[in-house]
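Hi,

Here is the structure I promised to pass on. Have a look at it first, and then read my notes below.

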Amino acid sequence: MLKPVSAVNALVDALRQRVLSGEIEPGTPLPEQEIAAMYGVARPTVREAIAALVHEGLLRRERNRSAYVPDVTLADLDDLMLVRRPLEDLMARRLQGHRVEAAQAALERMALKADAPWSELVAEHMALHEALIEAVGSPRLVRLYNTLAAETRLGLVRLRDTYSDREQLVSEHQGLLDAIAEGDGRAAVAEHLSHSWGEA
């Protein structure tokens, strides 16, 4: 059976897509009254949707200020990679010689969505990396990695112009999955994380 989608969930999805596509630029205020008028919903609905996105880390809210998209700077990305590298190196060591079907499936969906909005590719990119982390079988590793998810997604928004050729994104991740399956994942992970953020 299909479950009905609430107005809150529908608004969360709509705003999330706009944030992850880069349509809503970092620092842009999202006044509740304007959002309510734009989408034809009540302000309590907007308040709930914004609270959900703040919880996800895609929006930030400060006292006496409208919610806004936080800016992930190059310094933030460097620090994010500093923390992600050892986690994904651990993943590559534990998974060497194995192919993770869920990660491969996410990659195949990414390939099929070459012309889709960037937000959809961001979702599949995250699904691929999260599938690799989950395949290790460590709940603590998953929890640690999930704390970086929001900043990673916001960082990926900066890469939408870097990957104007979407096939390059697919090709890089196929190379990563192949390297892990062939037992050379640690070097591939180090190169992938360094290259992917580049000078975004």
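Before the notes, one term: helices (H or I, at least four residues) and strands (E, at least two) are DSSP runs, numbered from the N terminus. Also, keep in mind that this is a predicted model.

With that in hand, take Asn64, which sits in the loop between helix H3 (43-56) and strand E2 (67-68). Its phi is near 60°, a positive value in a residue other than glycine. Asn64 is exposed, at a relative accessible area of 77%.

Now the overall picture. The protein chain has 10 helices and two strands, and from the N terminus on they run α-β-α-α-β-α-α-α-α-α-α-α. The radius of gyration is 18 Å, close to the 16 Å from the globule rule for 200 residues, so the chain is as compact as a globular protein of that length. Of the 200 residues, 44% are buried.

What about the inside? The largest nonpolar core holds 60 residues, and Leu59, Met91 and Leu132 touch the most other members. Helix H6 (residues 118-135) gives the most to this core, with eight residues. Not counting residues up to four places away in sequence, Leu132 touches Met91, Leu95, Val100, Ala103, Leu177 and Ile180.

Leaving aside neighbours within four places in sequence, its contacts include Arg16, Glu56 and Met126.

Cheers

Technical notes. Residues are numbered from 1 along each chain as its sequence is written. This is a predicted model: local features need pLDDT of at least 70, side-chain atom pairs count only at pLDDT 80 or more; totals for chains, interfaces and linings use all residues. Side-chain values use heavy atoms; hydrogens and water are left out. A nonpolar core is a set of buried Ala, Val, Leu, Ile, Met, Phe, Trp, Tyr and Cys residues joined through side-chain atoms within 4.5 Å. Buried means under 20% relative accessible area, exposed over 50%, partly exposed in between (1.4 Å probe, protein chains only). Contact means heavy atoms within 4.5 Å. The radius of gyration is taken over C-alpha atoms; the globule rule is 2.2 Å times the number of residues to the power 0.38.
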